[in-house]
Amino acid sequence: MNARIGHIAYNTFREAVRDRVLYNLIAFALLLSGSAILVGQISMDVERLVVVNMGLTAVSLFGLVIAIFIGIQLVSKEIERRTLYTVLSRPVRRWEFIVGKFFGLAGTLVVNTFFMAIGVFGALLYVAHKFQKPDGWILVALYFIVLQFVIICAIALFFSSFSSPLLSAVFSFSLFVIGSFAEDLRRFAAMANTLTRWVVSGIAYILPNLSSLNVISSVAHQQPVSAQLILNNTAYALLYAATALCGAVLIFERRNLK
Amino acid sequence: MPAIEIQGLEKTYQVGFWRKRPKRALQPLQLTVEEGEIFGFLGPNGAGKTTTLKMLMGLVYPTGGSARILGMDLNDPRVKAQIGFLPEQPYFYDYLTAHELLTYYGHLSGLPGKDLAKRAETMLERVGLRDVRGLQLRKFSKGMLQRVGIAQAILHEPKVVFFDEPMSGLDPMGRREVRDLMEQLKAEGKTVFFSTHILSDAEALCDRVAVIHLGELLAVGAVADLTSGVRGRVELVWQGTKVPPSLKAMGGDCYVTGDTVRAVFPEESQDMALEALRREGLRLISLVPVRTTLEEYFVEKLRKPEKTAGAIA
């Protein structure tokens, strides 16, 4: 990573850290983890299951809100406030700006997930009093959640490079929802007739397959995650995010900053 | 070698949602700015000044023509290291302090990290913001932000500096400070290209100016050369309490104050006015040519752009 991308990423991270909204979201995530403990206490014998399920779901949802909320504004806010002008009038290429912004937001989400994960493990320890060996799979589930964020960040940035924040939010959130049911969409395509199968399969492959990145339920049931899935999901998420970023760069390179 | 060489740069936007139609923001522009000049780019709001500057900064792509800065094409990545830019009504990352902002921009300009903190400090001192170096920019006034903007534009010691409306929104003291700073930059051998609609500043500062209106270049040259071409006027002052009808008929602006009358006539009416005064037996106190200001020149130019555009540009 060249130095300019690093500085843009660090500045994006610094903006998010100094933004009070981010702190509020972390507080909400902690609050949800607290309620997980409460639910865990009233759930006989399944406290561990409930806490892991609720905790990881909270991490995923709060991270998603941050990814979309900040991601859609990454470019549009810079254009609207004209802060971009003094950046691009320096020896900074447009693609470096986009990639720097992406890494800044992805870094913010990794740090954010780290703190929320501490909350989840804290809640688990509080309920179960000790960790068990299968609890290590929670780390894999958290890693997959981060991969989801990487994809969502890239998608939000892609929409942000040409559309208004509101539309970008709608598009990004829609893709998240549809992507979460990608496996169902593929199953539907397999059952359909020839033409519908082709169309639906095409759509299913274009949309992000977020459902394969969701192993919260199996991890909560202390089931292991295969190394093959970890490898495949990593390759898929990085490839998908890179493609979305390339799209964002291609659009942004041609854009007139009026 | 010219500092800036604009060859037929033009911009046409497509406006409208369904049925796009072309709207020309800048007609093909030919302009050359020499090294070490302070060059004023004058025009009313919407004239095409900011569009031109944005094209030179690579923020907006031209639909035609080309430009070279310090002999390098606009697309040459080396150009950006040699130029500084202050946008109109600048807004910066308000969660940063002035020092953090300059350090960030310094990194992006490729300045070495070890000297950067010191250089940012020096620059803040130069624009009079040393005491507020640790204050977040969201607490800065408009004038202070303008100073930060100037500091970031000259932080990396560029050879050519572009300012878009640098005096806009500043009080008289602030304007004076910006003028002094521009003169310092010129003394350091830098080329300053700035757009403005505050003509007194341009008149006081610029070696040469260009006048642009509705995307079309109307005139370019030294202020004195441009204003000398404008129809002259003379001011006559005589003793009396009334304006004789023969003088009134000449169409001058007359003002009676106590027992003196002051009248301003076109230069060509001077002899007729003097003759009329002699005929009426009125005592002439003074006859002074009225100096044409850039503002008067500007107003006259904008009133009749269709007549003058072809002749001068």
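How many helices and strands does the secondary structure of chain B comprise?

1. Chain B contains 11 helices and 14 strands; helices (H or I, at least four residues) and strands (E, at least two) are DSSP runs, numbered from the N terminus. The model is predicted: local features need pLDDT of at least 70, side-chain atom pairs count only at pLDDT 80 or more, and totals for chains, interfaces and linings use all residues. Residues are numbered from 1 along each chain as its sequence is written, while chains are lettered from A and ligands numbered from 1 in the order in which they are written.

2. The C-alpha trace of chain B spans about 80 × 50 × 45 Å along its principal axes. The domain assignment, which is automatic or from a database, gives domain 1 (4–228) and domain 2 (233–290) in chain B. Taken over C-alpha atoms, the centres of domain 1 and domain 2 of chain B are 46 Å apart.

3. Of the 313 residues in chain B, 39% are buried. A residue is buried if 20 or more other C-beta atoms lie within 10 Å of its own, exposed if 12 or fewer, and partly exposed in between, with C-beta atoms placed from the backbone.

4. At the interface, 20 residues of chain A are in contact with 24 residues of chain B; contact requires C-beta atoms, placed from the backbone, within 7 Å. Helix 1 (3–18) and helix 5 (83–88) of chain A are the elements that give two or more residues to the side of chain A that touches chain B. Helix 1 of chain A gives the most, with 6 residues.

5. The buried residues of helix 8 of chain A are A:Pro165, A:Ser168, A:Ser172, A:Leu175, A:Phe176 and A:Gly179. They cover an arc of only 100 degrees around the axis, so they lie on the same side of helix 8 of chain A; the arc is that of the directions from the helix axis to the C-beta atoms. These buried residues pack against helix 3 (47–71), helix 4 (76–80), helix 7 (137–160) and helix 9 (182–191) of chain A. The face turned away from the buried side carries the exposed residues A:Leu166, A:Ser174 and A:Val177.

6. A:Ser76 lies in helix 4 of chain A and counts as partly exposed because it has 19 C-beta neighbours inside 10 Å. Leaving aside neighbours within four places in sequence, A:Ser76 is in contact with A:Ser160, A:Ser164 and A:Pro165.

Note on methods. Contact = placed C-beta atoms within 7 Å.
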